[in-house]
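Welcome! Take a moment to look over the sequence and the 3D view, and then let us walk through them together.

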Amino acid sequence: MVTATDPRQATALLETRGLTKHFPIRQGLFGRTVGQVKALDGIDLRIAGGQTVGLVGESGCGKSTLGRCLLRVHQPTAGEILYRAPDGTPVDLAALDEQGLKPYRSQIRLIFQDPYSSLNPRMTLLQIVGEPLKVNLGLARPEIEERVAELLRRVGLRPEYMHRYPNAFSGGQRQRVGIARALALSPRLVVADEAVSALDVSVRAQILNLLKDLQEESELTYLFISHDLGVVEYMADEIAVMYVGRVVETGETDALYARPLHPYTEALLSAVPDPAPSSRRRERIVLRGEVADPSRVPSGCPFHPRCFYAQDRCKTEVPALREIAPGRTAACHFADQLQLRGVGE
Amino acid sequence: MSETVLRVKDLRTQFALDDGVVKAVDGVDLEIGRGEVLAVVGESGCGKSVMARSILRLVDKPGRITGGEIWVRDPAGGGLVDLVPADVRTVRQVRGKRIAMVFQEPMTSMSPMHTLGNQIGEAILLHERVTKAEARERTIELLGRVGIPAPERRVDAYPFQMSGGMLQRAMIAMALSCNPELLIADEPTTALDTTTQAQILELLDSLRRDLGMAVMLITHDLGVAARLADRIAVMYLGSVVEHGDTASVFRAPRHPYTKALLGSVPKLGSGSRARLTPVRGMVPHAYQRPTGCPFHPRCEEFMAGRCEVTVPRPTAGPEPGREVRCLLYEDGGGSHKNAGLSKAGDSAGDGTGDSEGDA
Ligand SMILES: Nc1ncnc2c1ncn2[C@@H]1O[C@H](COP(=O)(O)OP(=O)(O)O)[C@@H](O)[C@H]1O
Ligand SMILES: Nc1ncnc2c1ncn2[C@@H]1O[C@H](COP(=O)(O)OP(=O)(O)O)[C@@H](O)[C@H]1O
Ligand code: SF4
Ligand code: SF4
Ligand SMILES: [Mg+2]
Ligand SMILES: [Mg+2]
């Protein structure tokens, strides 16, 4: 039995198939290609409408590259980005040119990480938030002002602020401005790439609550990218864990946190410092070494040099992402045998 | 407590600027014993860094220590010495022998032009009578101690050739070069991945265990504090508003600010998605220091007629070593006290956070 709210039953708003992005490494006077940074290597990811998918992994794992491919800031090297248009037809965003992408540009928007460098200091909030309204919708000034006032109100800022410049605002307020700009065109999918990572604890919590409220009001779908697993647990219905350009585990948030199926997920969870008094005595797995270099991906399972459970087989055989239990996938040869530790009761 | 390595009393540091005076540190009291880890937590702008720099007399120009005492073990031997009135020579000796500091951005405290070996070797030569070859040997040993793989090769690496985590380890190695009894670490893991952060925290913990080194860990991350600290000091606008052993402060926070900070952090593995209840609004601008209790404009338990008038004094209890600065707990709290305490149970309101935008 599956309930109506089961994310697996909800229709996919976006689905990637074998999404791949390689950056060529060039050298010398003539820019000869001497290698490839395999930032994304065959990503299959499903984002259900109205849900939040949390994308986690250490820095350098390819999270931002994935976000940028969905926004088509990057042209993928291979693979499909199947997006369900408002009328229900599936469109492959990876195959479209700039002209073809135009109608979809307003439907998928990005919230930037850095609230300081992402806002033009010479533009007022009216210009910053109103720009997409002018450029994409061609609205006239009075209409833009009206919409901007409404957008500022929705993100918890006073409409009177619209004539001020960003430097008059704190980091948290600037992030609200960034959110207002992302929402200006009533998008369906919002990619939040480390959107709260630069903020202080209390302001971060205020912004997280705001993002949740906005989702409820507007039936937004989020791809929530963060290296902070505590924050992701709070936000996400489903999780995808990435390691050097691949998805290594997916699952519904509570199930994945309670019982991870991939050793990398277990290690990530174990590393989270948590203020709950009981967690202090928690036994910890401190992961060895650092994320593999995506231009020299280790043979076999890319995680094997750091994995505490690695066997001979892991050095040669690449584990495929496969279903281990209903709604749970993992890319580990031993995912159905290992008894890994999660967090919580 | 074990032997004291640092005792700060009523420390005050101010910046006299054209537009007014910034009271960055406004009456801080702290104490750290040998081998102990004290976490100093609070939002940005609360004075943590200025406090830490004041201890080593490293405050930047318009800033000045205007009052208080900083007692450390005298490098000349014997008892304690107060660094506030101390001469430059004593201060230098303390920096070289007793107390070392690492910062959030290791890049900013390292020269990009020199190898790790040269920079750490330099620090060793400055404080110890050793030959260059011996300093290099010791550098390699220190790099190994902090967990840098192949230290005999890395000693010749330049900072830009290393990852953030490795650089932070190198900074800690440099700090260890003078065998400090106290390491002040200002947001040492804030710029790092959680996994790298866990490695660095593990390293600090092992230094405490194996070398008996005390650590003052400055962080805005309550989880980091909980992970490592024996005791915790919560700072708000230049003073310590709550203080006590980590477990009891996290289990039963008393100050409304501590409660609200804890309400801002998702509980890992809770599964419940209970709405976060963050502190309302934001840290006020340095010039707009509120009257009375500095936290009153954001406080969920604000008592009109009292909190905006009276500056709370430190109140001890309930456990030994705990202290809080809040009128709810002062003698003569009377009916207000009871009102406040009964409210304390239902946490810190719903904290929708709108007031930050409307401030
Ligand atoms: N424009 C680019 N050119 C070359 N390499 C890139 C580019 N963008 C990202 N990369 C590389 O791709 C990998 C993944 O990066 P990124 O997607 O930013 O990871 P994350 O967001 O998970 O930290 C990294 O090794 C990074 O250096
Ligand atoms: N060099 C400086 N000049 C003027 N004000 C300063 C200077 N350094 C810090 N401050 C002020 O002192 C206060 C405390 O800052 P800081 O100690 O850096 O806070 P924290 O480390 O807790 O984030 C802030 O209001 C800050 O603006
Ligand atoms: S396949 Fe092997 S190396 Fe990879 S995660 Fe599983 S056990 Fe570890
Ligand atoms: S003194 Fe008053 S305003 Fe300050 S923390 Fe206590 S209850 Fe809140
Ligand atoms: Mg990124
Ligand atoms: Mg600081």
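**Around the ligand, and on to the salt bridges**

The residues of the shell around ligand 1 divide into five nonpolar, five polar and two charged. Please keep in mind that the model you are looking at is predicted.

Which residues make up this shell? They are F23(A), V37(A), A39(A), E58(A), S59(A), G60(A), C61(A), G62(A), K63(A), S64(A), T65(A) and P294(A). In chain A, β2 (32-48) and α1 (63-70) each supply at least two residues of the shell. The largest share, three residues, comes from α1(A).

Now look at the backbone beside the ligand. A backbone N or O atom of G60(A) is 2.7 Å from an oxygen atom of ligand 1. For C61(A), a polar backbone atom lies 3.2 Å from an oxygen atom of the ligand, and for G62(A) the distance from a backbone N or O atom to a ligand oxygen is 3.0 Å. On its own, ligand 1 has 560 Å² of accessible area, and the protein covers 64% of that.

Chain B has a salt bridge between D10(B) and R12(B), with the closest N and O atoms 2.9 Å apart. D10(B) counts as partly exposed because its relative accessibility is 35%. R12(B), with a relative accessible area of 29%, is also partly exposed.

Another salt bridge in chain B joins R322(B) to E242(B), and here the closest N and O atoms are 2.6 Å apart. This pair links distant parts of the chain, 80 residues apart. R322(B) sits in the loop between β11 (315-316) and β12 (323-324), while E242(B) belongs to strand β10 (residues 239-245). Both R322(B) and E242(B) are buried.

Salt bridges can also share partners, and which residues of chain B are joined into one network in this way? The network consists of E3(B), R34(B), R73(B), R98(B) and E181(B).

Terms used
Residues numbered from 1 in each chain as written. Chains lettered and ligands numbered in written order. Predicted model: local features only at pLDDT ≥ 70, side-chain atom pairs only at ≥ 80, totals over all residues. Heavy atoms only, no water. Near = heavy atom within 4 Å. Polar contact = N/O pair within 3.5 Å; in protein donor to acceptor, adjacent residues only side chain to side chain. Areas by Shrake-Rupley, 256 points an atom, 1.4 Å probe, with all protein chains shown as cover. Helix = DSSP H or I, 4+ residues; strand = E, 2+ residues; numbered from the N terminus. Nonpolar A, V, L, I, M, F, W, Y, C, P; charged D, E, K, R; others polar. Salt bridge = Lys/Arg side-chain N within 4 Å of Asp/Glu carboxyl O. Buried < 20%, exposed > 50% of the residue type's maximum accessible area, 1.4 Å probe, protein only.
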